[in-house]
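Please consult the sequence and the structure shown here alongside the text.

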Amino acid sequence: MLHELLSSVVHHTPPYALSRALNHIPRPLIDFKKDLSFRHAVAYAYAHTKFYREKFDERKIDPRSIRKPSDLGDFYTTPADIVNRAEDFLARRPHIVFESSGTTGRNKRVYLRQEELNAIGQLNAMGFFRWGITKKDRFVNAFDFCIWIPGMITQKGLEASRIFCLAAGKVDPLEVYKRIPLYNINVVMGEPTWLIKLTELAEKHGSYPLKLVLGGAEEMPDAARPWIKQVWHNPEVHMVYASVESAGVIGAEFYDRCRGYHVDEDDFMVEIAEPNAEGYGEVVFTTLSRTTMPLIRYRNRDISKLIEEPCSCGIPFRKLARMRGRADELIVASGGNLYPLMFEDILKDVDGITSDWQVVFKLRGIKEVMEFNLELRGHVPRETVEKTVFDHIRDRYPDLWKNYSIAIFETAFQYHPVGGLRGNARKLLRIVDRRYTQQ
Ligand SMILES: [Zn+2]
């Protein structure tokens, strides 16, 4: 009862009022509500979903005895669980489904009801007001609307806030660039790689004064922020942290001094699994308000740490540090989720190369580069190898091709002698991310 009462206070407060009230929420109330919601979420998931009933029974976990996440021991929900058994997580009849981008058949899915989608919209609207967006501002939503979630949840926030918007979707940045003066757009939101491409156009052809640039769905290179500010006449540049599985935004950065994401502790209980000495480990979250597809201790695969110290901006919610990469070989790069299997598929029948290959992601300045490291054999010219690789990307992964053709990322090829890539290593890492470690 108390859980419902406290939740309804938050969900019935208008977004604008909530954005003003944020700093005044007492920290003990946040903790009290979070603990209560966690216990409620565990009991609800057990009572209503096949997956959690089975798992808890198997492990002899009595949900009534669970007070905090650590009471669940080493029980976690993994991405493989929701790839393989998504519908076993359903507690109610859903109204909509979203998928992660990536290889078909391996996608993660999240199901929601309309009221949950609307609640995410209300919260995003609160965030927009907190960033200082008003009804005088003009917003372009350049996130993808294609199966994947960010376009839709951003749009829900715009609907709830009644902020004027151009719902562009992830189109060629040039299309948005041309419309900035047409609609007097001053707030731009999209993926960092897309924002960088848009900023390059502005640097080359002339820029306009923007108020705010918002990014999400992947991390932004540190060096990109000052450059974006400089090109667009000093807008604020901020990021949000979310995933398809979380559906809503897990955390958002509101001011430069935050240097991390304030976690929405009303909707998510966030933990760090297996932290190292510095506190960095895998981000794990429990959904505290989801009733259609509740997730208990879901391993989100991103590496970060929880910052316990209060933030000087005054928002009482704890923060996650900026992400430091992924806990598996999946990589969020070049505007999508990329898996080793995808590159296997692109490179498997290319004449003139061995089956050993490695794809390295790096930054050239702030531009993302997908570098194919290949071993040449026989006498097939390099140009033929490269043409076949591009043909395969175009034919087999149209999403990746789209991102390449609108110059979201660049490609490079490095050639090695036969056996040169593996050396003495038993296992060859297929995907290497050097974007945030190369400096
Ligand atoms: Zn802050």
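K362 and E371 form a salt bridge, with their closest N and O atoms 3.0 Å apart; the term denotes a side-chain nitrogen of Lys or Arg within 4 Å of a carboxyl oxygen of Asp or Glu. K362 is partly exposed at a relative accessible area of 24%, whereas E371 is buried at 7%. Here buried means under 20% relative accessible area, exposed over 50%, and partly exposed in between (1.4 Å probe, protein chains only). Elsewhere, salt bridges with shared partners join R27, D31, K34, E265, E308 and R318 into one network.

## Basis of the model

The model is predicted: local features need pLDDT of at least 70, side-chain atom pairs count only at pLDDT 80 or more, and totals for chains, interfaces and linings use all residues. Residues are numbered from 1 along each chain as its sequence is written, and side-chain values use heavy atoms, with hydrogens and water left out.

## Further salt bridges

The structure holds 38 salt bridges. One of them links E115 and R92, whose closest N and O atoms are 3.6 Å apart. E115 lies in helix α6 (residues 114-130) and R92 in the loop between α5 (79-84) and β1 (96-99), so this pair ties together parts 23 residues apart in sequence. Helices (H or I, at least four residues) and strands (E, at least two) are DSSP runs, numbered from the N terminus.

## Cysteines

The whole structure contains zero disulfides, a disulfide being a pair of cysteine sulfur atoms within 2.5 Å. C258 is buried, with a relative accessible area of 2%, and C311 is buried at 10%.
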